[in-house]
Amino acid sequence: MTLAVKHIDALKALLGPKGHKTNPDDVAPHLHEWRDRWQGHTPLLAMPGDTAQVGDLVRYCAEHKIAITPQGGNTGLVGAQIPQGEILLLTSRLNKVRSLDASNATMTVEAGVTLASARAAAADAGLLFPLSLASEGSATMGGVLSTNAGGMEVLRYGNARDLALGLEVVTPRGEMLDDLKGLRKDNSGYDLKQVFIGAEGTLGVITAAVVKLYPPPPFRLTAWCALQTVDDAIALLAHLRHRYGDAISKFELVPQIGVDYALKNVPGNRAPLSPSAPWHVLLELGLFAPPGGDHTLEQVLASALQNGRITDAAIAQSDTQAMQFVRMRESLSAAQKGEGLALKHDISVPVSAIAKFIETASAEVQSLMPASRIFAFGHVGDGNVHFDVLQPLQTKAHAFETCAPHITKAVYTTVLALGGSISAEHGIGVLKRTELRHQKSKVQMQAMRAIKTAFDPDNIMNPRVLF
Ligand SMILES: Cc1cc2nc3c(=O)[nH]c(=O)nc-3n(C[C@H](O)[C@H](O)[C@H](O)COP(=O)(O)OP(=O)(O)OC[C@H]3O[C@@H](n4cnc5c(N)ncnc54)[C@H](O)[C@@H]3O)c2cc1C
């Protein structure tokens, strides 16, 4: 559907000269995403300057039934932020840290503030905003809340959902829902903010949020371990939990193929250990006092080495070395670029079922397309595996593409049989709409539709996403 010129002109007038862009060169980067999977188009790139202007824009669109796609940093991985004819509402001008309350350990940030800037603002006040993603230089606070992003420190601090105390939202009717409270206790009816978190822009535009801050642990210990099996990694996690409890902030599984491709395809990486091993774990502890006696990380890893849970380990001796370990892990998505087609599955299962999942799903994939390169990695401390399948080296792209739906079906069937989820942290977007119906029951889908209809009866907010 093309949008009538009179509406485009009215919206431009409403937004003012700073509030929209029409030059194709300015608009183009917002119509294409990181994985080169989706290419979009829009009649107007709207850049409202404050919450009131978001309200004006959405009210006009609601009145005329004009669809909107909100976009933050355009780092989403399921196509939900790419418009296909909708107005593109970019939050980049909602870029203020409104306030920081150190005594309450909270910060009020606008939706277009990047995650890196939010973390820097907290650090300037001697505090930590713990959400951390490889995409944090571009990903925005509105985006991370709308996708309920996870990342590498979920084990200790939770997902974006766990870090939000209050929200300001412009609903699809253009009304402002102001719930910008910094309360850790508030049992006054439905917790409405939770409906908007993870809604992928289908229920309104998040314009600001109050988020939790933490004291940064002064002692960070980072290590890289080599292991024979995924079972060993899970046993190591349990072992560390008994020693360090919630102080484990990162526990990331890395396959040898990940190390190899990160070294080959992402400049600047160095192998943390040699020789190679089937599996690796990046782990990090955040402590308020250095561990002593047989609780030192050296001691704990030495005992893991002795009882065969790990085959080798390196503890970072400097911040630079710690950053090299983390960088290696963060390179794993980029490491796949240049290796042909990659079928990505962002799934979760109970931590106790991770090894079984990887084993079963790998066998299923190999039976469908032998020589597929299985690239399974991720935040296994919280049950999240990025189970990526790379095109076999000797197979043509077309043959792989033909087999792809069968591979994905086999992977998701394994996930569901183990009580897991087909989307751990990236969302449903337009990529997994069909599969969502297999995971959710009829009652769950009805409830989700009822919520959507209650907030957005004319289906103007991200209309192609989720359903
Ligand atoms: C290299 C790389 C690494 C990544 N690592 C992780 C990871 O470890 N964990 C993880 O969870 N994700 C990860 N991601 C995915 C991505 O970074 C997150 O989903 C992020 O939260 C998206 O933020 P964004 O601002 O870019 O949102 P966008 O991509 O712009 O939008 C994502 C969704 O949010 C909606 N949206 C955006 N802003 C608003 C708003 N203000 N109000 C309402 N809806 C809005 C959009 O419509 C869309 O549905 C990674 C991505 C890349 C490229």
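## Helix packing, domains and ligand shell

The axes of helix 13 and helix 14 (residues 397-417) cross at roughly 155 degrees and come within 9 Å of each other. That angle makes helix 13 roughly antiparallel to helix 14, since angles over 145 degrees count as roughly antiparallel. The model in which this pair is described is a predicted one. Helix 13 passes helix 14 in a right-handed crossing. On the side of helix 13, the residues that take part are F357, T360, A361, E364, V365 and L368, and they meet C403, H406, I407, A410, V411, T414 and V415 of helix 14. Sorted by class, this contact between helix 13 and helix 14 holds 9 nonpolar, 3 polar and 1 charged residues.

| Helix pair | Angle between axes | Axis separation |
|---|---|---|
| Helix 13 and helix 14 | roughly 155 degrees | within 9 Å |
| Helix 9 and helix 13 | about 165 degrees | 8 Å |
| Helix 1 and helix 3 | about 165 degrees | 10 Å |

Helix 13, which spans residues 354-368, also packs against helix 9, which spans residues 230-244, at an angle of about 165 degrees, and helix 9 and helix 13 are therefore roughly antiparallel to each other. The crossing in which helix 9 passes helix 13 is right-handed. Here V230, D231 and I234 of helix 9 make the contact with I354, A355 and I358 of helix 13. The residues of this contact between helix 9 and helix 13 are, by class, 5 nonpolar, no polar and 1 charged.

Helix 1 (residues 5-15) and helix 3 (residues 51-63) pack with their axes 10 Å apart, at an angle of about 165 degrees, and are therefore roughly antiparallel to each other. The crossing of helix 1 and helix 3 is right-handed. In this pair, A10, L11, L14 and L15 from helix 1 meet Q53, D56, L57 and Y60 from helix 3. The contact of helix 1 with helix 3 comprises 6 nonpolar residues, 1 polar residue and 1 charged residue.

At the level of domains, the chain is divided into domain 1 (5-90), domain 2 (97-212), domain 3 (219-334) and domain 4 (340-434). The centres of domain 3 and domain 4, taken over C-alpha atoms, are separated by 24 Å, and the contact between these two domains takes 14 residues from domain 3 and 12 residues from domain 4. On the side of domain 3 that touches domain 4, helix 9, strand 11 (248-255) and helix 10 (256-265) each supply at least two residues, and the largest share, 6 residues, comes from strand 11. That side of domain 3 divides into 11 nonpolar, 1 polar and 2 charged residues.

In total 37 residues surround the ligand, and the closest are G72, G76, G142, G143 and G201. Strand 3 (68-71), helix 5 (141-146) and strand 9 (205-212) are the elements that give two or more residues to this shell. Helix 5 gives the most to the shell, with 4 residues. By class, the shell around the ligand has 22 polar, 13 nonpolar and 2 charged residues.

Two local backbone features remain to be noted. The peptide bond from S274 to P275 is cis, with omega near 0 degrees, and P275 is found in the loop between helix 10 and strand 12 (279-287). D36, a residue other than glycine, has a positive phi near 60 degrees, and D36 lies in the loop between helix 2 (24-27) and strand 2 (45-46).

Key:
Residues numbered from 1 in each chain as written. Predicted model: local features only at pLDDT ≥ 70, side-chain atom pairs only at ≥ 80, totals over all residues. Axes fitted to C-alpha atoms, helices over the stretch in contact; angles between N-to-C directions. Parallel < 35°, antiparallel > 145°, perpendicular 65-115°, else oblique. Left-handed = near helix turned anticlockwise from the far one by under 90°. Contact = placed C-beta atoms within 7 Å. Nonpolar A, V, L, I, M, F, W, Y, C, P; charged D, E, K, R; others polar. Near = placed C-beta within 6 Å. Domains from an automatic or database assignment.
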